[in-house]
Amino acid sequence: MPYQIIVCGGLAPDPLQTLEPVTTPAGPGLKNELMLPAVFDPWAGHALYEAANLAKNVPGSVIKVVSIAPKAKLQQVMMTVAQKLPFELVPLDGPGGGFTDSASVATALADAIAAIPGLDKSQMLLFGGWESATRGAGVVMQMVGEKLGITEQFLAVDELKVDESGALIIKERVEGGRHQVSKCAAPPAVLAWATGNLPEPSNHPQTGMANMRAMMPALQKAKAAALTSTLSYASVALPAVTRQTKIVKDVPAAQIAQELADWIKQ
Amino acid sequence: MNPLPSDEPEVKPLDADIVCVGYGPATAGFLTTLTRGLQEESGQALESRAMPGLPPQVLCYERADDIAFGVSGVVTRGRAIRATFPELPLEEIPMATRVSDEKLVYLLDPVGASRRPALMQLADKVLQAFGVKQSGWELPYCPDFLHKRDGFILSLGQFNQWTGQQVMMSGLAQIWPSTPVSEALIENDKVAGVVLAGDGTEVRAELTVVGDGPVGPVGRRLDEVMGMPAGHARDEWAVGMKMVVELPESCTLPEGTVFHTIGYPEPEIFGFFYVHPGRVASVGIFVPSWLETPARTAYRYLQHFVQHPYLWQHLEGGRMRSWGAKSLLESGRRGEPHLCGDGYARIGEGSGSTNVLTGSGVDEAWLTGTQLAEAVLEIYRAGLPFSQENLKTRYEARRRRSWLEEESIIAERARNGFQRGVLTGFIGMGLAGLTKGRVYVPRPVEDKKAARLEDFYVGRVSHSQIEKIRERCARDGKPLHDALMDAAGWPPIQFDGQLLVSHQDALLMGGKVQAPSDTPDHVVFLEPDVCIACHDKICIEICSGEAIHPGSGVPAFDHEKCVHCGACLWNCPLENIEFCAAPGGLHSAEN
């Protein structure tokens, strides 16, 4: 049975840039947020690559990516992502910095998915990142599923297989560093991915050109995502990063390892 | 809903009207002007010739992961940029500001290791006797040809991103990052498009716009096939290396402050210090091709430069935010290739637009792009083909009539003197600048080349010391440059872990090189025997990212450290390096 795979995935500021939290009139944000290079959220990226692999192995399947992000940013990032695999984009113009209320984001995503013409829920797999790189709340996919009435939900997914009967065999992370394997007879289901196993696909300019023919008009018509939030932030900070450079010469590897271990223990 | 293909997409040619190679300031100028022109065709939009019924199909391919990843600290008068944006909203462009104070500073040698000619040593002593503070003498005036006081400071990465967003939002051009172009598609002496690296897709277009900079493979290939105009040659380059620094809270320099420096760490090395908004500065140096040393370690020189007391008073306690390096084509008009031919036009730095007298390139590159766009719109409206003749009469003629050409002619001979020595160079530059090119120092018959190590260090490091350093570095797999500078009297760098860090840490903290693991090496040593027989292996010493290391005879290349500056390519005296198209490179939007 071909699948209709919906991948929820927003953008995140490129984590390799210098990120600096600041207070803006609209609440907390990142310095020069709109001018920072953005990437497709790496967690959602796993979901997208897994979706592409599944669709390739089940002929007739289609992928649609639903994304809330500033329209200009989304267009720029899609110039790279669209080269990697064929999909249609359902864009929503909205903030992409991560300082948004999860419930509000989930409502906007669910409404956009419900409005996709010709969507057959009986064939639908809802993919997304378990968390997002901008804010690891880990609840958005659950809420989107609930709003769409999908009760089969799998979180922190590491692997998906389809058996001969068409049932989904899903490996999830659970507490205590263990995995749980579940069997789901058929769609619809929510799969919020933790890592997946697939690398980032290479670029194919042909695919990109074909994708963008539909994406450009879709982006131009992107509706604003009405995100409302009652959240307030007491403080915002990046995770502390400590870098200590020490130049050593002619030191045995064992001694270096010991020094590192001692440093980590401090 | 269209079903997905079950296999990799078939590689078939793509059709477009205009394909651009590289997204820098020249292509930004081209696409900004072109898309504006296309938008203004109200009611009678120009029609694509490749896809009738649609607007012209304009594609631009950029090697880097994002159009924001350029490298340059820019202070510019911005005449061409302001002609495009009369009300340039600097407040909308991060790190942009107006120049508020500009100084030309002569830096004395505070460590005694700089190779200064006797006259400069005397000048140092005289200045010290007159109580010059902080070992830097602020010249009483900045010559008109150098000043940028009516201009602004930019981060090229941020500026590229700002222009790119506007171009993309027009919906009339597509800019594809992470997509290197390997070569031009040449058929019967006509450029018919480009070939993309990776899957080898041919993109066929009536016009190919080549703006891939000084070491771009498309521009270089065109020069090989089409040749260079008589008397033109590309033989002057520089490695530009910079840090973006978060200034310490104690620093009171206002944003818009600009220092141009001369004299240190070597007399041939020019430096710069620009203060952006938000207590951030760009600090860097240019290491020119006529610096004779075959151990041209730009990074170590940069560290000594930032520690010069004149600058250190503002920088001490600061933190490196990002780091970058690129090579610059400094031949100017003398290195100008054929600007156009059937089906192609050259713009930007690779078209020889950089002005070495005024130390300006971004604005000039922008102008070449806008001039080409105006020409393209004319040609389109007239329904003419993109032939050499049509491009010459509309694009090249515009360039010849503009201030760019006038100033390029003045600049053309401005650096002849540096081929004879640094003092002659400064005198020649001053003469050419002040007399608008009427008086200049003649260029020697033979260009200055890097000396052998043993000759360069005569009197400072003995042959036996050099031999010991060679052996030790070969054993440790290290370049020679740090050990040679130590031996020549340069003090060791006291790393503070914030601003003064090792070269590899600078890459991690500020450059963050990205290199796809599944692509082949893009720096290729052509003939192993040639490398094995090479005495000085300047490629190792000049490498901006320390990506080239001593190997077993042939240098070893690590593409995960390469910043794509291309310095190895132009420094190899034996022309034994191929620099191929590849994705990746420096990954910072602040440079």
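Which side chains meet in a salt bridge, and how far is it from N to O? Select A:Glu20 and B:Arg321: their side chains form the bridge, at 3.2 Å from N to O. Keep in mind as you go that this is a predicted model. The count of salt bridges between chain B and chain A is one, so you've already found it, going by the definition used here.

Now stay with the interface and colour both sides. Chain B brings 52 residues to the contact and chain A brings 48. Together they bury about 4,200 Å², with 58% of that on carbon and sulfur atoms. Polar contacts are here too: 17 residue pairs across the interface.

The largest share, six residues, is from α4(B). Colour that side by class and you'll get 25 nonpolar, 16 polar and eleven charged residues.

On to the rings. Over all chains there are 21 aromatic pairs. A:Trp43 sits in helix α1 and A:Trp130 in the loop between β8 and α4 of chain A, 87 residues apart.

Then jump to B:Phe272 and B:Phe286, a tilted pair with centres 5.4 Å apart and planes at 40°. B:Phe272 is buried at 4% relative accessibility, while B:Phe286 is partly exposed at 24%.

Last stop: select B:Phe85, B:Phe159, B:Trp162 and B:Trp366, which form one aromatic cluster.

Conventions
Residues are numbered from 1 along each chain as its sequence is written. Chains are lettered from A and ligands numbered from 1 in the order in which they are written. This is a predicted model: local features need pLDDT of at least 70, side-chain atom pairs count only at pLDDT 80 or more; totals for chains, interfaces and linings use all residues. Side-chain values use heavy atoms; hydrogens and water are left out. Contact means heavy atoms within 4.5 Å. Buried area is the accessible area (1.4 Å probe) that two parts lose on being put together, summed over both. A salt bridge is a side-chain nitrogen of Lys or Arg within 4 Å of a carboxyl oxygen of Asp or Glu. A polar contact is a pair of N or O atoms within 3.5 Å; within protein, one must be able to donate a hydrogen and the other to accept it, and residues adjacent in sequence count only if both atoms are side-chain atoms. Helices (H or I, at least four residues) and strands (E, at least two) are DSSP runs, numbered from the N terminus. Ala, Val, Leu, Ile, Met, Phe, Trp, Tyr, Cys and Pro count as nonpolar, Asp, Glu, Lys and Arg as charged, and the others, Gly among them, as polar. Rings of Phe, Tyr and Trp (its six-membered ring) pair if their centres lie within 6.5 Å; planes under 30 degrees apart count as stacked, over 60 as edge-to-face and the rest as tilted. Buried means under 20% relative accessible area, exposed over 50%, partly exposed in between (1.4 Å probe, protein chains only).
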